[in-house]
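Please read it alongside the structure shown here.

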Amino acid sequence: MSNPRARSRGLRDDKFHEECGVVAVYGHPEASKLAYLGLYALQHRGQESAGICTSDGHTVYCRKSMGHVADIFTKPVLAELLGDKAIGHTRYSTAGDTALANAQPFAVNCNKGSVAVAHNGNITNAAELRRDLERTGSIFQSNSDTETVLHLVARSSERTLAGALRDALLQLEGAFSLVFLAQDRMIVARDPNGFRPLAIGEMEISGGRKCYVAASETCAFDLISATYVNDVEPGEMVIVGPEGVTRERFAPAQPRAQCVFEHVYFARPDSMVFGRSVQESRENLGRLLAHENPVPADIVVPVPDSGVAAALGYASESGIPFRHALIRNHYVGRTFIEPSQAIRDFGVKLKLNPVRSLLQGKSVILVDDSIVRGTTSRKIVRMVRQAGAREVHLRISCPPTISPCFYGVDTPTKGELIASSHTVEEIRRFVEADTLGYLSVGSLRKAVGDDQRHEYCYACYTGDYPTELINIEELMAGRKRG
Ligand code: AMP
């Protein structure tokens, strides 16, 4: 069945783009609860489904369901997830039907024992791998690229799970931060370019023993009082088992291509991502935006929550007062992911309400993190004007989004990205702002400390993809590949 949400966004069910959060826990008597808390902190990375698998050394237990983490994992459900090891996943897919079949982790019994896997990213050669596997008899239960990994593991002639994983990972292209659970171990790995984040943490438990954790973002560690140790290196596999912790490279080093959009929008500001503070990056973005796109105005207003940190930076650089003149209702999901166009239109009003007393007669600098299609921005600009603003100057804390992401961020097809076919002046007219200013790629690099290092992926702003993409035309058009 096709997905109405994907349809409304012009996406197809066969696209494999997923925004997700992953966690892993090793060596804690309440592993399922820790995984639950970790996922709770990562809820912003995906609200469609969530799952946890645990192991008590013999059996792998699994529970996954559609919906939010706190609704799925009630006390009785967590009590059934036995063992001191766990992995968890929270998912929002732009693709695939929303069926439970695509929810993660995926767990199987195979010749390597009981194995479960959860994935953040997008394997760009998944369709090709799957075609080959199906040709030789593999049967798939979902249309998720992650299931492919398990088939490759099962088919490997390596005897150990770590060996089979190494085999499997070497066949993958694209973006993957993966967490695996076996009966007696947890293994986590990151693709050789390091597109998506994956951090390692630890905590001391009774008797001086150590518990190891991994998560997409360090905000997951804060909630469980774990200490952030470092990131899984690109091309690295971290194996935690009864023998201790082993870190090894499964692939030769590649140029890093860390996703800059994690810092622009996706990650929580209280997280460390790729070893740097997201809040700090966003304030830098705002400061540089003010520097590049100054305009005389009375107040700087963020589009909450995504524009808050950049607006703070803008206000401090420009000396124009910061005002919370749009109030967000936190009990509504992100409008971006509402199920139909009709609800999405309504959603902006549901989500945001202007503070008229702050906006009345004012010239306003409105700061948001990005424009995708432009429809949300237009509604917000209208809303601010209707609330009495004299002028609305829209400032965006990243460059124009001109190309889709194939490495795990939810973006629509190229044709639907307004900046892929319109100039800044045309976009300004569409969103009905008095002026519109974006950040340059150079300043974006600077804001994340990458101007000298070249360790980030900017493909959505440049169209320059850091890996070879098979079937790029099909990917661009969102056409069926399989
Ligand atoms: P649009 O109306 O399509 O231009 O949507 C722009 C809004 O979507 C901005 O306020 C962004 O904060 C938000 N946004 C941008 N990219 C994403 C994404 N990948 N997932 C969810 N929300 C996003």
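In this predicted model, the sulfur of cysteine 460 lies 6.5 Å from the closest cysteine sulfur, that of cysteine 405. A disulfide needs sulfur atoms within 2.5 Å, so this distance is too far for a bond. Cysteine 460 is buried, because its relative accessibility of 13% falls under the 20% cut-off.

- Cysteine 259 counts as buried, with a relative accessibility of 8%.

**Disulfide**
- The count comes to 1 disulfide.
- Cysteine 53 and cysteine 62 form a disulfide, with their sulfur atoms 2.0 Å apart.
- The link of cysteine 53 and cysteine 62 is right-handed, with 60° about the S-S bond.
- Cysteine 53 is buried at a relative accessible area of 0%, whereas cysteine 62 is partly exposed at 39%.

**Helices H10 and H11**
- Helix H10 spans residues 278-292 and helix H11 residues 308-318; their axes come within 6 Å and cross at roughly 45°.
- This angle makes H10 oblique to H11.
- The crossing of H10 past H11 is right-handed.
- On the H10 side, the contact is made by Gln279, Arg282, Glu283, Gly286, Arg287, Leu289, Ala290 and His291.
- On the H11 side, the contact residues are Ala309, Ala310, Leu312, Gly313, Tyr314, Ser316, Glu317 and Ser318.
- Sorted by class, the contact of H10 with H11 holds 6 nonpolar, 6 polar and 4 charged residues.

Notes: Residues are numbered from 1 along each chain as its sequence is written. This is a predicted model: local features need pLDDT of at least 70, side-chain atom pairs count only at pLDDT 80 or more; totals for chains, interfaces and linings use all residues. Side-chain values use heavy atoms; hydrogens and water are left out. Axes are lines fitted to C-alpha atoms, for helices over the stretch in contact, and angles run from 0 to 180 degrees between N-to-C directions. Helices (H or I, at least four residues) and strands (E, at least two) are DSSP runs, numbered from the N terminus. Angles under 35 degrees count as roughly parallel, over 145 as roughly antiparallel, 65 to 115 as roughly perpendicular and the rest as oblique. A crossing is left-handed if the near helix is turned anticlockwise from the far one by less than a right angle, and right-handed if clockwise. Contact means heavy atoms within 4.5 Å. Ala, Val, Leu, Ile, Met, Phe, Trp, Tyr, Cys and Pro count as nonpolar, Asp, Glu, Lys and Arg as charged, and the others, Gly among them, as polar. Buried means under 20% relative accessible area, exposed over 50%, partly exposed in between (1.4 Å probe, protein chains only).
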